[in-house]
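Hi everyone, thanks for coming. I'd like to walk you through one structure today, so please have a look at the screen.

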Amino acid sequence: MPTVIHVPEELAAAQEKFNGEAGRSFVSGLPGLAAAFLEHWDLRITGAPMHGVSALVLPVDRADGTPAVLKLQILDEETEGEPVALRTWNGDGAVRLLDHDTSTGTMLLERLDPARTLSRLPDVREAVLVVARLLAHLTGTPAPAGLRHLGDIAHSLLERTPGALSRTPDPAVRRTVADCAAALREVADEPGDRLLHWDLHYDNVLAADRAPWLAIDPKPLAGDPGFDLWPALANRFDADTDNPADTAWRFDAMTDVLGLDRDRARAWTYARLLQNCLWHIEDGRPPAPHELEIAHRLRRRPSLRAPTTPAPGSPSGRSDRATG
């Protein structure tokens with residue numbers, strides 16, 4: 001009897017919202033696509049489906065009993081580079097890619113423990129350091145050819161900024177957006193060439209048997225590691241309860257572990273905020289208040305040295321050797 005694949009309503013709604021007709025087509029084809037790859041790779045579903053905004057993830061066992069997950073996702077400029085990055089890292093600091101279909105973007109991945117995410121680690125500072133050590137390791141790898149480049153994204157952001165400013169009535173928000181753009185202009189012509197994860201927030205770090213923590217779900221770019229710091233600053237942040245010094249501590253901890261120039265890393269962090277602000281403004285919404293607050297804290301407070309241990313690879317905490 002054929003396996004019946006149910007697409008979660010939340011995934012269908014997200015695809016409708018963000019991708020319109022392409023999203024609806026993707027969702028309608030998911031049951032057939034899943035069934036085809038279950039047969040093609042000789043897989044057996046062993047648990048309830050999981051999902052994000054763009055992907056359906058099915059826990060499976062391979063024919064030899066090895067646990068894995070089948071990831072089916074809509075192909076776009078963010079997701080098409082994922083198998084390239086995972087193959088480059090080859091399981092070193094990130095989930096291991098077991099198989100991949102180029103035409104659909106479907107991937108077979110090693111199974112980690114979705115119940116043990118870094119977002120559940122009680123000590124936020126320790127979680128920040130985990131992310132920093134992973135980033136130091138992952139961004140030590142030169143980006144392979146063919147990935148989106150941060151330089152192109154940076155110049156696109158600067159081109160879109162004047163239009164966004166004209167649509168922003170709040171003078172304080174306009175000033176922050178303009179300041180972020182000014183910071184980006186200082187570094188845009190030197191965008192870097194490291195392999196970036198782009199989305200290493202705490203829910204994208206899972207525990208595994210073979211390693212304490214591994215990264216999942218990259219949206220890879222070629223660029224400067226400073227652009228990768230933002231998720232660990234903005235997630236698990238509470239403007240009402242967090243001391244402003246905590247924001248400086250997070251930033252300093254990560255730049256210490258990665259061995260980054262602090263001023264340059266701050267400029268790329270503002271570039272990341274600029275990207276988020278433009279998304280909101282162009283969608284007819286104001287930028288997120290907590291993100292603006294983080295920018296204000298980074299600007300007005302001096303950096304505080306963080307008692308961190310450099311990541312393996314160099315005395316500065318930064319390895320320039322490929323890790324894959």
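This is a predicted model: local features need pLDDT of at least 70, side-chain atom pairs count only at pLDDT 80 or more; totals for chains, interfaces and linings use all residues.

Strand β5 covers residues 97-100 and strand β6 covers residues 107-110. The two run antiparallel, joined by three bridges. Together β5 and β6 make a hairpin, with six residues between them. Look at the turn as well: G105 sits there with a positive phi of about 80°.

Let's move to a pair of helices. In general, two packed helices are described by the angle between their axes and the distance between the axes. Here we have α7, residues 244-258, and α8, residues 262-282. Their axes come within 10 Å and cross at roughly 120°. That angle is why α7 counts as oblique to α8. The crossing of α7 past α8 is right-handed. And who makes the contact? From α7 we have F251, D252, T255 and D256, and from α8 R262, A265, R266 and T269. Sorted by type, the contact residues are two nonpolar, two polar and four charged.

Finally, let's zoom out. The chain comes to nine helices and 11 strands. Along the principal axes, its C-alpha atoms fill a box of roughly 65 × 45 × 40 Å. The radius of gyration is 20 Å, which agrees with a compact globule, because one of 324 residues would have a value near 20 Å.

Thanks, all!

Conventions: Residues are numbered from 1 along each chain as its sequence is written. Side-chain values use heavy atoms; hydrogens and water are left out. Axes are lines fitted to C-alpha atoms, for helices over the stretch in contact, and angles run from 0 to 180 degrees between N-to-C directions. Helices (H or I, at least four residues) and strands (E, at least two) are DSSP runs, numbered from the N terminus. Angles under 35 degrees count as roughly parallel, over 145 as roughly antiparallel, 65 to 115 as roughly perpendicular and the rest as oblique. A crossing is left-handed if the near helix is turned anticlockwise from the far one by less than a right angle, and right-handed if clockwise. Contact means heavy atoms within 4.5 Å. Ala, Val, Leu, Ile, Met, Phe, Trp, Tyr, Cys and Pro count as nonpolar, Asp, Glu, Lys and Arg as charged, and the others, Gly among them, as polar. Two strands pair if DSSP finds at least two bridges between them. The radius of gyration is taken over C-alpha atoms; the globule rule is 2.2 Å times the number of residues to the power 0.38.
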